[in-house]
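The following paragraphs lead the reader through a protein structure, from its secondary-structure elements to the arrangement of its chains. Please keep the sequence and the model at hand while reading.

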Number of protein chains: 2
Amino acid sequence: MSETADALPADAAGALRQVLGEDRLLLDPADRWTYGYDNSRGQSLPAAVTMPQDADEVASIVEVCRRFRLPLTTRGRGTGTAGAAVPSEGGIVLSTERMDRIVKIDPANRLAVVQPGVTNTALQTAAGAHGFFWPPDPTSADYCSVGGNLACNAAGPRALKYGTARENTLGLEAVTGAGKRIRTGTSTTKGVVGLDLTRLIVGSEGMLAVITEATVKLTPLPERIATVRAAFTDIGAAARAVSRIMAQPVVPRALEFMDSSAVALVRERTPGGLPAGTGSMLMIEADGLADHLPGSLAALAAAVGNDGLLEWRATTDPSEAKALWAARKALSPALRSIAPVKVNEDVVVPVSEIPALAAALEALADRHRVRIVSFGHAGNGNIHVNLLGTPADRPRLEACLEDVFREVLALKGTLSGEHGIGTEKRRFVSLEIGAEELALMRAVKSVFDPDGILNPGKGLPEPA
Amino acid sequence: MSETADALPADAAGALRQVLGEDRLLLDPADRWTYGYDNSRGQSLPAAVTMPQDADEVASIVEVCRRFRLPLTTRGRGTGTAGAAVPSEGGIVLSTERMDRIVKIDPANRLAVVQPGVTNTALQTAAGAHGFFWPPDPTSADYCSVGGNLACNAAGPRALKYGTARENTLGLEAVTGAGKRIRTGTSTTKGVVGLDLTRLIVGSEGMLAVITEATVKLTPLPERIATVRAAFTDIGAAARAVSRIMAQPVVPRALEFMDSSAVALVRERTPGGLPAGTGSMLMIEADGLADHLPGSLAALAAAVGNDGLLEWRATTDPSEAKALWAARKALSPALRSIAPVKVNEDVVVPVSEIPALAAALEALADRHRVRIVSFGHAGNGNIHVNLLGTPADRPRLEACLEDVFREVLALKGTLSGEHGIGTEKRRFVSLEIGAEELALMRAVKSVFDPDGILNPGKGLPEPA
């Protein structure tokens, strides 16, 4: 917890007040504290919280930050787990909560135009009324903002079939760190004019520009969903099934897995659900036309085969589906209840390396005397590795975490599939990305943000 | 045709000879001319042609170009239509034809690693042996290189369902204009560490870096394809059908259209194929499991309905499918035979604006006394507008073309969906992209290519 740069120069306060009035500028410490954290462990007191209502006001706030060299941290709803929305160097928080207008749902062109503060669920509801959805589906959908989803390139189970935020964004309006209002991308699903600034800004964690409007690509809702719970003897069998599923043309809309620790934890809490001897579990969803689903389920069952399979339960009935998901949904509350400290990472390895990662995690759990429970988006190799312990275990958890990252990179994986870097993983980035590439990224950041005011201390590590 | 910078300094020739030997350095003008053009109208004599075999040699060539301030134009197979591979400012052509190795097909992880000179078809064949394909499917697939596909963000009909090159690339190895060897992206389908340099380089037309290796995402081959030829009274009816098709969950793998001029041209040449009164035609393909296709066809037919529909012919038999495609395939040869000069653009408009674009094109054809024939990828709104005439008509064609671009932009479209900018559309880019955005793009280019040696005179217009 830091209070760096807590003091706002009086002139800066005056300039911000001129832009925002009294109501949308928070200067009282009690108010400011509530904008000083996200869903990571980080917390830091900003000097002021601003709540612009439109792009002009955003540009004015950026101008004030430039003039007074104040750090500017853009904040959606603070649901991120990596600390990207924590004002770790103080300065100004720009909350997008008052920019929550759905500008347009355009079914004929399969797109929506939204302000950044619209929640993911609000967008889904508005699109759903026209028979569409927006693919990114983070667990925090009810609370998180589309702007935050774009900043972090958020995803979720559906990314397997429908892509992440990056693949589902057509264009952006934004204000750069130099205070320039820009418009990137197109209103069309194809376009190759100029350099692709849209996908550069998506996933840049507020380091390049403040997004003021997004044109996102919508996808037609499926007619029906089929749900499968498949129990396996061990993680190797489950991972082989994942590879075979991914090699045939029925791409699941979800392909989630639980390792043996996760299965054991669920069995402790909700006995009777899974067959004896279950060492790993897959949840599989297929979607499409109702009359496609029997064929899809048959293809998935054929791909899975009998290799280590203990049980295959499939349904297209929504309430039965809910019952099948119960084991998986029981996991997160169980994790919270068994350990006061949970370090939840979202590493990615090539799908074929999931068993190797599982073996490595078992060895690390032993070596560091840490309980590790893993689950996640198996079709992408995106594994949520949870290191569990008490506050006193922190040093051991941290040491173990660093070894987890090294194993992931040795398996040609990546440190984060959807949570991002923020402050939490920043010190590990140079294990994955080389010095030349980091130098390029820093230089690109400087192009957008020459004064270094946008989200300093995040994402990219300092030069060595 | 220009011969700028035709002379290579003797020291530069010596340095290149040291890297490449005699065999892979072409200095004879007759040899050099054959590397001076692509499928645009441009042609220009390079001072030397280099044929590196690996990334080390590419880095050495870039070093020589930096030292002697020589323009460096990377060339795949020269099938691009926008002039991006033409060495318009002379200097060195770097042909990737000797870097044509498929490094790895990795079915378990649904990826392939290839050198840039591998042809699209060679990649498809190698992936096909494992039951996969790479989605980009330009017409020139048999000849064009994967590196060229990436440089132009190439696509084709399948992009509608499976995305363009940008959505189907996981990572790159490249040499920047500063001579730095870099590695971008991941070997996984998710990853949010650092800025997304991969998708920035894809579509950058050789202006940022020379791609030396690509990790591309593979997709499982469908079990079967269903093909539909649907004839409509007019383009409005066809376009409304396209919007309805795109609003339901069966995403076609192709949704191609022909306007009334294209239909008329085909009917002149191959009478008897299409019903009387056909004013527009759609070719629709659905793919997936064999037993999905009846349901898919029924859903597509329901979406199309009877609104202006004259004929609906569907088949899952490959030879019947070929017969249905005959009318569409007859179009390109017909276009070549009726007019010695054909300006073929690939503009994009929002799908709902296709009828407005068609009306605008009719008016422009009248006003400029130019025959215009349009067809293309209707589901993306990506329309190939062909302006036909004789060499004497060039000025009229050019004037008409500029008006076409203005209409497209007025309809919130974009100048190019898949061909790119190169030299041909460069002077129009500032109609679409604002000054601030162009300044950012030029600055990003300078980060990668501080000396401005990579493909000068392409893509981004000079500052005003």
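Helices, of at least four residues, and strands, of at least two, are taken here as DSSP runs and numbered from the N terminus. The model is a predicted one.

In these terms, Ser416(A) belongs to the loop between helix H14 (394-410) and helix H15 (429-432) of chain A. Is this residue buried or exposed? Ser416(A) has a relative accessible area of 0% and is therefore buried. Its side chain makes a polar contact of 3.0 Å with the side chain of Asp346(A). When neighbours within four places in sequence are left aside, the contacts of Ser416(A) include Asp346(A), Val348(A) and Lys425(A) in chain A, and Gly191(B), Val192(B) and Val193(B) in chain B.

The relation between the chains may be taken up next. Two copies of a chain are related by a rotation about an axis and a shift along it. Here, chain A is superposed on chain B by a rotation of 180° with 0.0 Å of shift along the axis, at an RMSD of 0.0 Å. The two copies are thus related as by a two-fold rotation axis. Within chain A, the C-alpha nearest this axis belongs to His292(A), at 2.7 Å from it. Both copies use the same surface, since 100% of the contact residues of chain A recur in chain B.

Chain B contains an open sheet of seven strands, in the order S15-S12-S14-S13-S17-S18-S16 and with antiparallel pairing. Strands S17 (371-377) and S18 (382-389) of chain B are joined in the antiparallel sense by seven bridges, and Arg371(B) has Leu388(B) in S18(B) as its bridge partner.

Two helices that pack on this sheet can be compared with strand S17(B). Helix H9 (260-269) of chain B touches strand S13 (254-258), strand S14 (280-288) and S17 of chain B, and its direction makes about 100° with that of S17(B). Helix H13 (354-368) of chain B touches S13, S16, S17 and S18 of chain B, with an angle of about 160° between its direction and that of S17(B). Leu364(B) is placed in H13 of chain B and is buried, with a relative accessible area of 1%. Beyond its neighbours within four places in sequence, Leu364(B) is in contact with residues including Ile372(B), Cys400(B), Val404(B) and Glu407(B). The C-alpha atoms of Leu364(B) and Glu407(B) are separated by 9.6 Å, although the two residues are 43 residues apart along the chain.

Five of its five residues are buried, so S13(B) is largely enclosed by the rest of the structure. In a regular strand the side chains alternate between the two faces of the sheet. From S13(B), Ala254(B), Glu256(B) and Met258(B) point one way, while Leu255(B) and Phe257(B) point the other way, and all are buried. S13(B) pairs with S14(B) in the antiparallel sense over five bridges, with Met283(B) in S14(B) as the bridge partner of Glu256(B). Three bridges join S13(B) to S17(B), and these two strands also run antiparallel; here Met258(B) stands opposite Phe375(B).

Helix H9 may also be examined in chain A, where it spans residues 260-269 and has Ala262(A), Val263(A), Leu265(A) and Val266(A) buried. Seen down the axis of H9(A), the buried residues fall within an arc of 160°, so they line one face of the helix. The elements that cover them include strands S13 (254-258), S14 (280-288) and S17 (371-377), together with helices H11 (318-329) and H12 (331-338), of chain A. At the start of H9(A), a side-chain oxygen of Asp259(A) comes to within 3.1 Å of the backbone nitrogen of Ser261(A).

A further open sheet in chain B has four strands in the order S1-S2-S4-S3, with mixed pairing. S1 (25-26) and S3 (72-75) of chain B are its edge strands. S3(B) runs parallel to S4 (92-95) of chain B and is joined to it by four bridges, and Thr73(B) stands opposite Val93(B). Helix H3 (55-68) of chain B packs on this sheet, touching S2 (48-50), S3 and S4 of chain B, and its direction makes about 170° with that of S4(B).

Definitions and conventions: Residues numbered from 1 in each chain as written. Chains lettered and ligands numbered in written order. Predicted model: local features only at pLDDT ≥ 70, side-chain atom pairs only at ≥ 80, totals over all residues. Heavy atoms only, no water. Buried < 20%, exposed > 50% of the residue type's maximum accessible area, 1.4 Å probe, protein only. Arc of directions from axis to C-beta. Contact = heavy atoms within 4.5 Å. Polar contact = N/O pair within 3.5 Å; in protein donor to acceptor, adjacent residues only side chain to side chain. Least-squares fit on C-alpha atoms with pLDDT ≥ 70 in both. Pairing = 2+ DSSP bridges. Axes fitted to C-alpha atoms, helices over the stretch in contact; angles between N-to-C directions.
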